[in-house]
Amino acid sequence: MASEFLLERHFFTNLHASGGAGHERVWIMSRLAIISDIHGNLPALEAVLADIQAQGLEEVYHLGDLVGYNPFPNETVALVADQGIPGITGNYDQAVLALVPDPIGELLNAKITPMGKEIYAWTVRAVTAQTREFLLRQPRERSLAKGKWRLRLTHGSPRHIRDYVRPSWPEAMVADLLGEIDEDILLTGHTHIPVIRPVNGKWLLNPGSVGFPKDGNPLASYLILELADDVRATIRRVPYDIERTIAAIRAQGLPAKAGEDLRVGRR
Ligand SMILES: [Fe+2]
């Protein structure tokens, strides 16, 4: 926040110096960190937040799925709350809140595996009233303006919270999706696979997953977004104490395969 304020003041100073005509090149820069799909992996979140700080980024947003899969749902939510990181709700967060008659079928996967069911049931039992309260307060979507750029934050896609915007989508499908929104930049999570795709002057971006990457790279993933005249998007991969997460999976009696999947970065 502080750095953005200074840069904007720099912009106004320039305008003033040039007589306020506003014809000169406008230079406002926002630097944001976008994190998603932390899924109860506290050591991964801690490592990513440390990296964000080391990169000098002060503005962070999350794209939902704070809980599920990993054994630290309450600690993860407490850290996000403590850091004041604004964000949105994810399909797993909604499934844990169980506000619909069939949360698994409607929000997770109708063809869920026995392991998936076991982890979901554990998470529902584990979340505290305080965690539920925080998850309930997360909005479904957000729209932001940063300089001339407008950003839309959704968990799945603007069409549905559980929609997978897959990296394999042909350009025409991405163009159709981006054409349905007013914003210039669409930030989505949910697939756990990072994506940077400029299409027809708009951008589809996915930061990948902090707590359970599924692209075959086990390092925690997040996105740095720099907005000035142009868009610059960078994926960062961050090592974390994976053994601490795996030890907690074991200690909580969660399926050992959940830990093995973290090691290889896929399920
Ligand atoms: Fe999700």
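Colleague: Is Asp37 buried or exposed?

Modeller: Buried means 20 or more other C-beta atoms within 10 Å of a residue's own, exposed means 12 or fewer, and partly exposed is in between, with C-beta atoms placed from the backbone. Asp37 has 30 other C-beta atoms within 10 Å, so it is buried. Keep in mind that this is a predicted model: local features need pLDDT of at least 70, side-chain atom pairs count only at pLDDT 80 or more, and totals for chains, interfaces and linings use all residues. Residues are numbered from 1 along each chain as its sequence is written.

Colleague: What is the phi of Asp37, and where does the residue lie?

Modeller: Phi is positive, about 45°, although Asp37 is not a glycine. Asp37 sits in the loop between strand 1 (30–35) and helix 2; helices (H or I, at least four residues) and strands (E, at least two) are DSSP runs, numbered from the N terminus. His192 also has a positive phi, near 65°, and is not a glycine. You'll find His192 in the loop between strand 5 and strand 6, and with 25 other C-beta atoms within 10 Å it is buried. Across the chain, 39% of the 267 residues count as buried.

Colleague: How many helices and strands does the chain have, and in what order do the strands of the open sheet run?

Modeller: Strands of a sheet pair through backbone hydrogen bonds, either parallel or antiparallel. Two strands pair here if DSSP finds at least two bridges between them. The chain has ten helices and nine strands, and five of the strands make an open sheet with mixed pairing, ordered 3-4-5-7-6. Strand 3 (142–146) and strand 6 (195–199) are the edges, each pairing on one side only. Strand 5 (residues 185–187) runs parallel to strand 7 (residues 202–206) over three bridges, and Ile185 has Trp203 as its bridge partner in strand 7.

Colleague: Which helix packs on that sheet?

Modeller: Helix 8 (residues 171–179) does, touching strand 5, strand 6 and strand 7, and its direction makes about 80° with that of strand 6. Axes are lines fitted to C-alpha atoms, for helices over the stretch in contact, and angles run from 0 to 180 degrees between N-to-C directions. Contact means C-beta atoms, placed from the backbone, within 7 Å.

Colleague: And the hairpin: which strands form it?

Modeller: Strand 8 and strand 9, with three residues between them. Strand 8 (residues 220–227) pairs with strand 9 (residues 231–238) in the antiparallel sense over eight bridges, and Ser221 faces Arg237 of strand 9.

Colleague: At what angle do helix 2 and helix 3 pack?

Modeller: About 25° between helix 2 (residues 42–54) and helix 3 (residues 73–83), with their axes 9 Å apart. That makes the two helices roughly parallel: angles under 35 degrees count as such, over 145 as roughly antiparallel, 65 to 115 as roughly perpendicular and the rest as oblique. Helix 2 contributes Leu42, Leu45 and Leu49 to the contact, and helix 3 brings Glu75, Thr76, Leu79 and Gln83.

Colleague: What about helix 9 and helix 10?

Modeller: Helix 9 (residues 242–251) and helix 10 (residues 256–264) pack at about 165°, with axes 8 Å apart. That makes helix 9 roughly antiparallel to helix 10. The residues in contact include Ile242, Ile246 and Ile249 of helix 9 and Ala256, Gly259 and Leu262 of helix 10.

Key
Contact = placed C-beta atoms within 7 Å.
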